[in-house]
Amino acid sequence: MKNNILKKEYIEAFIGKRELKWYEKAFEKYENNELKFNLIACIFSYLYLIYRKCYKAGIIIGIIIFFSSTFLGEIGNIISLVVSVLCGLYGPKFVFIRYKENLKKFESLSENRIIANLKLVGGFDIKWVIGAVLFTGIFNKILMFISHGGYEQFK
């Protein structure tokens, strides 16, 4: 399996054609225990991870960013910034780890079946991103409403 990890057809099946070149280089670096910074992963942090179907990592990072920036004031904003920068460094590596885990599951299959399965489990998920944005926005509005006196402010 070691020599199949960086196989272009497998990466393309898992990632998609549009970002293939960037991920080919990134996966090669990750396979050699190096890092590659991704500005999109830094800016969108947990949304990037959810978009790339790394749901657990995305939810954990989203919770850390949301609660630190909401409840910890200035230090929370610094924590959120650090977490976002770390996500820019390690976010795509989560995608790589997920890719390798899935490739290992499929290694006994024929090449056509491996590619078909990688397409199924890979790619992106915009529905969850939209859901995360809506949830975060609504939850934030509820917290603001409560912190400003809630219903009492309308009496």
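Visitor: In which helix is the place of Ser 84?

Guide: Please bear in mind that this is a predicted model. The helices are numbered from the N terminus. Counted in that way, Ser 84 has its place in helix 5.

Visitor: Is Ser 84 buried or exposed?

Guide: A residue counts as buried when its relative accessible area is under 20%. For Ser 84 that area is 12%, so the residue is buried.

Visitor: Leaving aside neighbours within four places in sequence, with which residues is Ser 84 in contact?

Guide: Contact here requires heavy atoms within 4.5 Å. With neighbours within four places in sequence set aside, the partners of Ser 84 are Ala 41, Cys 42, Ser 45 and Ile 65.

Visitor: How many disulfides are there?

Guide: The rule asks for two cysteine sulfur atoms within 2.5 Å. Cys 42 is in no disulfide, as its nearest cysteine sulfur, that of Cys 87, is 7.8 Å away. Cys 54 is likewise in no disulfide, and the sulfur of Cys 87, the nearest to it, is 9.3 Å away. By this rule the count of disulfides is zero.

Visitor: Is Cys 54 buried or exposed?

Guide: The limit for a buried residue is a relative accessible area under 20%. Cys 54 has a relative accessibility of 7%, and therefore it counts as buried.

Visitor: Which residues of helix 6 meet helix 5?

Guide: Helix 5 passes helix 6 in a right-handed crossing. On the side of helix 5, the residues involved are Arg 98, Tyr 99, Asn 102, Leu 103 and Phe 106. In helix 6 they meet Ile 114, Asn 117, Leu 118 and Val 121.

Visitor: Is Asn 117 buried or exposed?

Guide: Asn 117 lies in helix 6. Leaving aside its neighbours within four places in sequence, Asn 117 is in contact with Phe 106 and Leu 109. Its relative accessibility is 13%, which is under 20%, and so Asn 117 counts as buried.

Visitor: What covers the buried residues of helix 1?

Guide: In helix 1 (residues 8–15), the residues Tyr 10, Ile 11, Ala 13, Phe 14 and Ile 15 are buried. Just after this helix, Gly 16 takes a positive phi of about 115 degrees. The cover over the buried residues of helix 1 includes helix 2 (20–31), helix 5 and helix 6.

Visitor: What kind of aromatic pair do Phe 66 and Phe 67 form?

Guide: A search of the whole structure finds eleven aromatic pairs. In the pair of Phe 66 and Phe 67, the ring centres are 5.3 Å apart and the planes stand at 90 degrees. Planes over 60 degrees apart give the name, so this pair is edge-to-face.

Note on methods:
Residues are numbered from 1 along each chain as its sequence is written. This is a predicted model: local features need pLDDT of at least 70, side-chain atom pairs count only at pLDDT 80 or more; totals for chains, interfaces and linings use all residues. Side-chain values use heavy atoms; hydrogens and water are left out. Rings of Phe, Tyr and Trp (its six-membered ring) pair if their centres lie within 6.5 Å; planes under 30 degrees apart count as stacked, over 60 as edge-to-face and the rest as tilted. Buried means under 20% relative accessible area, exposed over 50%, partly exposed in between (1.4 Å probe, protein chains only). A crossing is left-handed if the near helix is turned anticlockwise from the far one by less than a right angle, and right-handed if clockwise. Helices (H or I, at least four residues) and strands (E, at least two) are DSSP runs, numbered from the N terminus.
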